[in-house]
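We will go stop by stop.

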Amino acid sequence: MASEHDNGGRGGTMRGPEQRPAVEARGLSFAFGRRPVLRDLVLSVQPGTAFGMLGANGSGKTTLVRLLAGLLKPDSGDVRVLGNPPGPGFSDRIGYMPQLNALYMSLTVRENVEFFARMCGVKDRQARTAAVDSVLELVELADRGRDRITSLSGGMRQRVSLAVALVHTPPVLLLDEPTVGLDPELRATFWKHFGRMTREGTTILISSHTMDDASHCDRLGFLRDGRFIAQGTPDELRSTTGVASASLEDAFLHLVRSGSLDGAPSS
Amino acid sequence: MTFDRTTAIAVRVMREIVRDRRSLALIFLAPLLVMALVGFSFSEKQDTLDRVAPALISVFTLLFTFVLTGISFLRERSQGTLERLYVTPVGRGDVLVGYLLGFLVFAALQSLIILLFTVFVVDVNYRGDLWQMFVVLMVLTIFGVNLGIFASTFARNEFQVVQFIPMLFAPQIFLSGVVMPVEELPGYFQGPAEVLPLTHAVRALREIMLRGEALGDVMSEIAVLAAYATGLLVVAMATVRRT
Ligand SMILES: Nc1ncnc2c1ncn2[C@@H]1O[C@H](COP(=O)(O)OP(=O)(O)OP(=O)(O)O)[C@@H](O)[C@H]1O
Ligand SMILES: [Mg+2]
């Protein structure tokens, strides 16, 4: 059943620096062949918070997510999710949404979500049906459950993919650009749900290119040259530009354009 | 490995195959067409046909099973769902055995069609029991499914799976007794021929079909084939995590 595992960190109202981070990377380095992607990266996401990863195309966001999901092995350094190295034994505590929506195209919406629920150990049929119902409600696809993925629009497929990541109510969500292709109204709805989830103790790591997503996160990290060159709350990042009225977008462009930022704020 | 997950994967694999109408039609029609073409090309030479029929049945059973499995499993990899499965508690054993069971149903039907069509429509003379021939083909089919999964872990796209066919099949077709009996091959090819799994399938089937032997008489051939199938499954389990 989905509620069987103790949702490590879930329901914890006390939050403080003394708390064990839900997602953690220390001295993390990774290269694809001879192309270094991450270099000595440090990441620490507190339980019950949403951490947004920003960074240019190819800066390594997807690579970091895959390392955290246990799909790639670090060349050096250490990765921990809820205190454990990612691996088959703990992966039911992760909800993973890959950048490209990996779904079985000839199966229906329901069949896809239900299949992955079962893979994640939601064994009981009734519990599974209930979990699928509620997550389809959440992504507003309850009326399309019997449609095949091939007959859905791009944004709808994206929503099914999100539903798959959420269906077993994992305590940690790794979402790689989940809001791509969503209309603004739906995006707002999703952030309402994400907000509720973090309040309930879920930890969300999300990558995005939109300032709208970024503004909803508790903390942001700006990925460049293989590490987070700037980390902080959206307000803190805004102030890095030195201009009082700067928007997140300004901060983003400032970080992209400024040269090597080795001494930059990285709290 | 858990029963629940394995069956869920098997059911899903079967569902996907059934939904794909065109592939489904190909699964059943392609073997018929090929066997008709090959079989009737021998229609003036009943003796030759009777002699090569076991080899033809074996080769095409293996070939169709390989292609069906290899391409389907590759799709799982290229569409990203395999990666997604790896971020669940599913083990390699669950995935592989689930696939094996899911494909096996269709591969078995395919093999049965090949066998029945060759025997009854192409009208090959045979002596042994049909069900015993089918048992041999089932072991070969399991081997073919595992071979398909194994090969697809080294392929990046469908095209490459197809490119494996000449590499994997040409030696087997020439050395395993399809073109000429193994005993008539030059001495230096005898050793390699004995190593090839297809050789043992062809020999077992030939003994049953042509000599009217029983399964018990060809146990050693079946054992070699089964060992190959199991060995491949183990190797595939070690390589299947590659994405
Ligand atoms: N499978 C792969 N093989 C080789 N190189 C790869 C592979 N995947 C990614 N890379 C390289 O790793 C670097 C980081 O890629 P990654 O996909 O992590 O970027 P990203 O930040 O997610 O980009 P985007 O915003 O476009 O999604 C890029 O230089 C890319 O070329
Ligand atoms: Mg990416």
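The tour below visits the interface, then the bridges across it, then the cavities.

**Before you start**

This is a predicted model, so local features need pLDDT of at least 70 and side-chain atom pairs count only at pLDDT 80 or more, while totals for chains, interfaces and linings use all residues. Residues are numbered from 1 along each chain as its sequence is written, chains are lettered from A and ligands numbered from 1 in the order in which they are written, and side-chain values use heavy atoms, with hydrogens and water left out.

**Stop 1: the interface**

Select chain A and chain B. The contact (heavy atoms within 4.5 Å) takes 30 residues from chain A and 23 residues from chain B. About 2500 Å² is buried between the two chains, and carbon and sulfur atoms give 58% of that area. Buried area is the accessible area (1.4 Å probe) that two parts lose on being put together, summed over both.

Now pick A:Y104, A:R118 and A:M119. They supply 26% of the area that chain A buries against chain B, more than any other three residues.

**Stop 2: pairs across the interface**

Four salt bridges cross between chain A and chain B. A salt bridge is a side-chain nitrogen of Lys or Arg within 4 Å of a carboxyl oxygen of Asp or Glu. Select A:E111 and B:R15. Their closest N and O atoms are 3.6 Å apart, and the pair forms a salt bridge.

Over all chains, the count comes to 18 salt bridges. Go to A:R66 and B:E83, another such pair, with the closest N and O atoms 2.8 Å apart. A:R66 sits in helix α1 (residues 61–68) of chain A and B:E83 in helix α4 (residues 81–86) of chain B, so this pair joins two chains. Helices (H or I, at least four residues) and strands (E, at least two) are DSSP runs, numbered from the N terminus.

**Stop 3: the chain A side**

Which elements of chain A each supply at least two residues of the side that touches chain B? Colour β5 (94–97), α2 (109–119) and α4 (154–166) to see them. α2(A) gives the most, with five residues. By class, this side of chain A has 19 nonpolar, five polar and six charged residues. Ala, Val, Leu, Ile, Met, Phe, Trp, Tyr, Cys and Pro count as nonpolar, Asp, Glu, Lys and Arg as charged, and the others, Gly among them, as polar.

**Stop 4: the cavities**

There are three cavities of 30 Å³ or more. On a 1 Å grid over the protein atoms alone, a cavity is a set of points where a 1.4 Å probe fits but cannot get out, and lining residues have an atom within 4 Å of a point. Grid points are joined across faces, edges and corners, and a volume is the space filled by probe spheres set on the points.

The largest cavity holds about 70 Å³ of space. Select its lining, including A:Y104, B:R12, B:E16, B:R75 and B:F103. α1(B) gives the most to this lining, with four residues. The lining divides into five nonpolar, two polar and four charged residues.

The second largest cavity holds about 60 Å³. Among its lining residues are A:I94, A:F116, A:H168, B:R84 and B:T88. β5(A) gives the most here, with three residues. Its lining has seven nonpolar, three polar and one charged residues.

Conventions: 1 Å grid on protein atoms, 1.4 Å probe; cavity = no way out; pocket = protein on both sides within 12 Å on 5 of 7 lines; lining within 4 Å.
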